[in-house]
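The sequence and structure are shown first.

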Amino acid sequence: MAVDLLLGLQWGDEGKGKIVDVLTSKYNIIARFQGGPNAGHTLVFNGKKHVLHTIPSGIFHENTANVVGNGVVIDPVIFKKELDKLEEQGVDYRASLLISRKAHIILPTHRLLDAASEASKGKAKIGSTLKGIGPTYMDKTGRNGIRVGDIELADWKDKYRALADKHEAMIAFYNVDIQYDLKELEIEFFNAIEVLKTLKFIDSEEYLHQAQKAGQSILAEGAQGSLLDIDFGTYPFVTSSNTTAAGACTGLGIAPNKIGEVFGIFKAYTTRVGSGPFPTELFDEVGETMGRVGNEFGATTGRPRRCGWLDLVALRYACQVNGVTQLIMMKGDVLSGFKTLKICTAYNYKGEIIEHLPYNIEAQNVTPIYTEFKGWNEDLTEMTEASKMPKALNEYIAFLEKELEIPITIVSVGPDRKQTIVR
């Protein structure tokens with residue numbers, strides 16, 4: 001049984017949580033394969049808003065298993081807060097939530113290291129969410145990390161102490177003003193560890209292998225976006241994991257030849273949180289309107305998102321890297337009311353017209369070249385059928401399908417799971 005993937009194709013915040021929630025009824029298992037609590041997956045249904053950071057977005061569906069894979073890094077404190085909210089909402093997660101023993105754990109000192117590192121950069125900050133993600137992945141690749149399976153061992157606190165002491169020495173090396181009380185942070189941390197221990201730990205690669213043999217359907221859920229990939233994103237303004245399709249193989253232990261559909265999610269325009277190049281960013285009233293109407297604030301950080309026109313050069317690149325088979329366009333409703341819409345179809349890169357994403361897309365090297373489209377005024381938020389979509393929207397979609405050579409099978413016209421048009 002093939003494993004389908006669901007990925008963000010921009011700089012994150014594309015709306016992956018909503019679409020996983022919409023698609024979950026078709027799958028037996030939803031599995032997160034990378035990232036940590038720097039993700040913010042927002043779901044809206046029955047008049048309520050839910051934000052998940054580490055837990056897979058299928059958790060609100062009964063009879064669906066939710067796997068946190070080995071490629072994920074887990075902050076037990078944030079994880080416990082997520083569990084507490086699920087309990088408040090009456091969600092019985094204990095039978096359906098499964099944690100890979102090979103997933104790495106974010107320590108309190110990882111967060112402190114993150115803050116110290118970012119503070120030391122001054123104006124060259126990369127826009128870290130300060131969740132300790134980067135330092136945890138550094139320990140993972142440096143073979144120093146603590147994994148979920150380690151907390152099942154009797155002497156795991158000795159390993160913790162050694163690593164935390166090493167981190168404090170590194171924090172001192174940065175020589176920045178970071179105030180903290182580690183003992184207080186550790187009380188909360190170790191309490192959360194005990195809660196984590198009440199969940200079911202699994203050897204996730206074996207679990208998923210057996211599920212495939214048994215014919216169960218699996219959807220791998222990505223976090224962040226393809227342009228934040230550690231290898232293929234706008235480095236160094238990226239996250240610390242592989243957010244692209246390849247990350248699902250390493251983050252879950254799935255063989256490449258077992259990948260089926262690759263759902264790529266993108267907004268009808270473009271947004272970015274934090275620092276980094278953004279060729280189509282708008283600094284005028286149009287960009288302000290996009291942000292206000294689209295409620296563009298980070299689900300994890302609350303930071304306002306930078307907004308701009310759709311960048312087809314970057315989107316084409318993300319589709320190629322991921323092998324996208326179906327596209328899902330989000331927030332089509334936000335573009336209602338604009339007289340003219342623009343899509344960046346090429347770059348003027350150092351005087352040369354190119355249609356691929358170059359090594360460097362900083363503003364001094366790249367000027368976007370736009371194709372203009374007629375806008376629409378219709379309110380899309382109540383539409384449920386593709387046949388009722390305005391002509392201008394259909395033309396916008398048809399242009400993208402022609403350029404990308406991939407069908408757009410779903411159009412989202414609002415945050416609620418019901419505000420979803422299947423084409």
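Two residues are said to be in contact when heavy atoms lie within 4.5 Å. The model discussed here is predicted.

**Annotated positions**

In an unreviewed entry, UniProt lists Asp13, His41 and Lys140 under "active site". These positions span 128 residues in sequence, and the farthest two C-alpha atoms are 25.6 Å apart, so they do not all gather at one spot.

Asp13 belongs to the loop between strand E1 (3–8) and helix H1 (16–23). Lys140, by contrast, is part of helix H4 (residues 133–141). The partners of each, in the table below, leave aside residues up to four places away in sequence.

| Residue | Relative accessibility | Contacts |
|---|---|---|
| Asp13 | 26%, partly exposed | Lys267, Thr271, Val273 and Arg305 |
| Lys140 | 31%, partly exposed | Asn70, Gly71, His104 and Gly145 |

Residues count as buried under 20% relative accessible area and as exposed over 50%. Asp13, at 26%, is therefore classed as partly exposed. The value of 31% likewise makes Lys140 partly exposed.

The side chain of Asp139 does form a polar contact of 2.7 Å with the side chain of His167. Beyond four places in sequence, Asp139 touches His110, Asn144, Gly145, Leu163 and His167.

**Nonpolar cores**

In soluble globular proteins, nonpolar side chains tend to be buried together. In this model, the largest nonpolar core comprises 57 residues. Those with the most contacts inside this core are Phe266, Leu327, Met329, Leu335, Tyr396 and Leu400. Helix H11 (residues 391–404) supplies the largest share of the core, seven residues.

A second, separate core has 34 residues, including Leu97, Ala103, Ile146 and Leu163.

Within the largest core, Tyr396 is one of the residues with the most contacts. Leaving aside neighbours within four places in sequence, Tyr396 is in contact with Ala268, Leu310, Met329, Leu335, Leu341, Lys342, Ile343, Phe373 and Trp376.

Definitions and conventions. Residues are numbered from 1 along each chain as its sequence is written. This is a predicted model: local features need pLDDT of at least 70, side-chain atom pairs count only at pLDDT 80 or more; totals for chains, interfaces and linings use all residues. Side-chain values use heavy atoms; hydrogens and water are left out. UniProt positions are given in the numbering used here, feature names are shortened, and annotations may be inferred rather than shown by experiment. Helices (H or I, at least four residues) and strands (E, at least two) are DSSP runs, numbered from the N terminus. Buried means under 20% relative accessible area, exposed over 50%, partly exposed in between (1.4 Å probe, protein chains only). A nonpolar core is a set of buried Ala, Val, Leu, Ile, Met, Phe, Trp, Tyr and Cys residues joined through side-chain atoms within 4.5 Å. A polar contact is a pair of N or O atoms within 3.5 Å; within protein, one must be able to donate a hydrogen and the other to accept it, and residues adjacent in sequence count only if both atoms are side-chain atoms.
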